[in-house]
Amino acid sequence: MKTIRCLLLAPALATACTSATAALVIDGRQTQLYVSTQFGFFGSINSATDSRQYTSLTSDLQPQLAGSDSGSGAVGDGSWIANYQYQLDQSIEHLPAGGFSASASVSLFAFAADQGVAAVDAQSGNRLELSFHLNTDESYVFTGVTTDLASVILEEFADSGIWSPLVAPTPGAFQYNLRLATGQYRFAAVGSGYHDSSQGAASSWSVQLIPVPEPGSLLLLGTAVGIGVVTGRRQRRSAQPEPAAVLAAAMPIFCQPQRFRRQQAR
């Protein structure tokens, strides 16, 4: 009977899970992390740039760019000191159900201490672009959160040959229920930061594109689970002895009805 229940559940599980798993295929990825800095005394500026790029769909899915630098010099009868440090993180994950999640953050700190006049200017950026296509029409939940200086957008490749925006949420938490047709799509996100000796700002973003099971698949799965539960209950009931037999077995042998004494004698 257990085998029968498994056979009933297997097609429903396959239908509920396979449709979402096979629908979304990621075609390409472009990741860019970069930091540019300028520090020193006006007229004697040191400039530096640090950057990384990734395109693999299977490796380097959690890139990080971090570093620091400092400089000092003389100006007139005094001196200046400037330094900075930064960290940029990004993460991409292929969800087992067939969607994806991604997040990124940018932090940047710069400091200038001087007896004369020092200048510090630092800018950083974190960009991700994922292109993917759908083999079938599917329903998705697009959810996430962005801060100031960060933005995300989901686009569809239109028949006219251009990318047409589907959703471009403003900073803050968001959630969209989308019905996406078979075709080509693109997700892009940008986060940036800056520091200019006196003040600075960081940014972050995080998103998920999650497939929603079709109503027909959920109905099939619920029906199969219901059949399995009813079948299991019937099996347990049939395995239990009748109440009369349980009561008779608990009596002393000389008090049991004649038919139970004959059964035990056999």
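In which strand is the place of Phe132? Phe132 lies in strand β6, which covers residues 119-134; strands (E, at least two residues) are DSSP runs, numbered from the N terminus. The model is predicted, so local features need pLDDT of at least 70 and side-chain atom pairs count only at pLDDT 80 or more, while totals for chains, interfaces and linings use all residues. Residues are numbered from 1 along each chain as its sequence is written, and side-chain values use heavy atoms, with hydrogens and water left out.

Phe132 has a relative accessibility of 0% and therefore counts as buried (under 20% relative accessible area, with a 1.4 Å probe and protein chains only). Leaving aside residues up to four places away in sequence, Phe132 touches several residues, including Leu24, Ile26, Phe100, Tyr185 and Phe187; contact means heavy atoms within 4.5 Å. Phe187 is 55 residues from Phe132 in sequence, with 8.3 Å between their C-alpha atoms.

Ten aromatic pairs are found in the whole structure; rings of Phe, Tyr and Trp (its six-membered ring) pair if their centres lie within 6.5 Å. Phe100 and Phe132 form an edge-to-face pair (planes over 60 degrees apart), because their planes stand at 65°, with ring centres 5.8 Å apart. This pair joins strand β5 (residues 100-114), which holds Phe100, to strand β6 across 32 residues. Both Phe100 and Phe132 are buried.

Phe142 is in strand β7 (residues 138-146) and Phe174 in strand β10 (residues 172-180). Phe142 is buried at 1% relative accessible area, and Phe174 is buried at 9%. Ring pairs link these residues into a cluster with others, among them Tyr176 and Trp205.

Key: Helix = DSSP H or I, 4+ residues; strand = E, 2+ residues; numbered from the N terminus. Buried < 20%, exposed > 50% of the residue type's maximum accessible area, 1.4 Å probe, protein only. Phe/Tyr/Trp six-rings, centres within 6.5 Å; stacked < 30°, edge-to-face > 60°.
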